[in-house]
Amino acid sequence: MPGARAWGVRAPGLPAGGIAVATLKDVARAAGLSITQTSRALNDHSDVNEMTRKRVKAVARSMNYQANISARKLVTGRSGMVALVVPQTPELPQNGLFIEGVAGLSAQFSGRGMQFVLHVAGNDRPITEVYQRLIGNGMLDGFVLFSPCDDDPRAAFLRDHGIPFVVHGRIWPDADHAYFDIDNEGILYQITRHLTGLGHRRIAFLNGAPGHGFASARMRGYARALAEVGVAVDPALVRPGEMSEARGLVATVELFRIDGLRPTAIVCSDVRLAKGVYTALEALGLSIPGDVSVIAHDDHLPQLRASAFFPALSVTKAPLRDSWKPLTDCLTGLLDGRPLAQLQIVGHHELIIRNSTGPAPASGD
């Protein structure tokens, strides 16, 4: 966990080389405000007007002031530090989604004068023990939770200890917490409804791992769209698991090995799965969309542009980068005492139809 560092400026009357540390009291005196007012301005409290905040921050910058975390905690009751805890996995350093998330959140919290701490936890102890150790010194104001599962033990632990947290996604069944999410059920309903409108009835679904809120919601949307055209969910066509290119390839090959099962369309929970589907269908000698239509949800990953697939991939677009600001707003809102109802945000998505979806082949009706 990074320590606080105070930068010094030479005090009037001291010889060259004499250094005095600029304190919060010094900034307050220079700004003509009380210490409390100055602290609240530096920490972007909503009861301080924008002009005052800008003026105080300008004074602080001119004095090279940096907050001492312990002192800030004493004055405001807050350290200005929040954390993200993730488990150690072999693929973590190469995980583009994770790297984008850490960079985006760090930039957002930094812009609010806060420190964002990443803690990579080992797998040798229960995750709640990791949180217990981190909150034990009282220096963290709150947490961001990634990849929530249903009845997530992290949320229950933090709630029981009165520690603010925001979730990227929702924890079912109640979702009684601050969150930023997308309409996962609506997204899969819209995707599947597009395909049924094209005449498809045998629609495979490559979903995320069971037990995660987004995967459960997407399954509901898929099932609802099929029910509207009188089709029951065929468990053999639903393949949950890791969302990766390799998983998409393997699942597609498995689907086409079963006599009588061959789907006419495949829905992918993300664009990485779709990349694997494309590879498998090409190896099987099947055309897109002539033999099989493919559509995916897309977080708009820079290294996998859906528009650059051949043929261009139809998607529901909800860029991951649009998550970081509302997540930061939600956690800072919690710390400022805003009502929970204002801190449960569902983002927008867009359906983009390209060349990977078309009418169901006559033999597949």
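Start by selecting Asp298 and Lys317: Asp298 stands opposite Lys317 in strand S12. Before moving on, note that this is a predicted model, where local features need pLDDT of at least 70, side-chain atom pairs count only at pLDDT 80 or more, and totals for chains, interfaces and linings use all residues. Residues are numbered from 1 along each chain as its sequence is written, and side-chain values use heavy atoms, leaving out hydrogens and water.

Next, select S12 (residues 314–317) together with S11; the two run parallel and four bridges join them. Strands here are DSSP runs of E with at least two residues, helices are runs of H or I with at least four, and both are numbered from the N terminus. Two strands pair if DSSP finds at least two bridges between them.

Now show the side chains of S11 (residues 293–298). Six of its six residues are buried, meaning under 20% relative accessible area with a 1.4 Å probe, protein chains only. Ser293, Ile295 and His297 point one way, while Val294, Ala296 and Asp298 point the other way.

On to S10 (residues 265–268), which pairs with S11 in the parallel sense over four bridges. Pick Cys268 here, and you will find Ala296 of S11 opposite. To get from S10 to S11, follow the chain through helix H11 (residues 271–283), a right-handed β-α-β crossover: with the strands pointing away from you, the path from the first strand over the helix to the second runs clockwise.

Finally, zoom out to the whole protein chain, with its twelve helices and 14 strands. Its C-alpha atoms fill a box of roughly 90 × 40 × 40 Å along the principal axes, and buried residues make up 47% of the 365 residues.

Notes:
Buried < 20%, exposed > 50% of the residue type's maximum accessible area, 1.4 Å probe, protein only.
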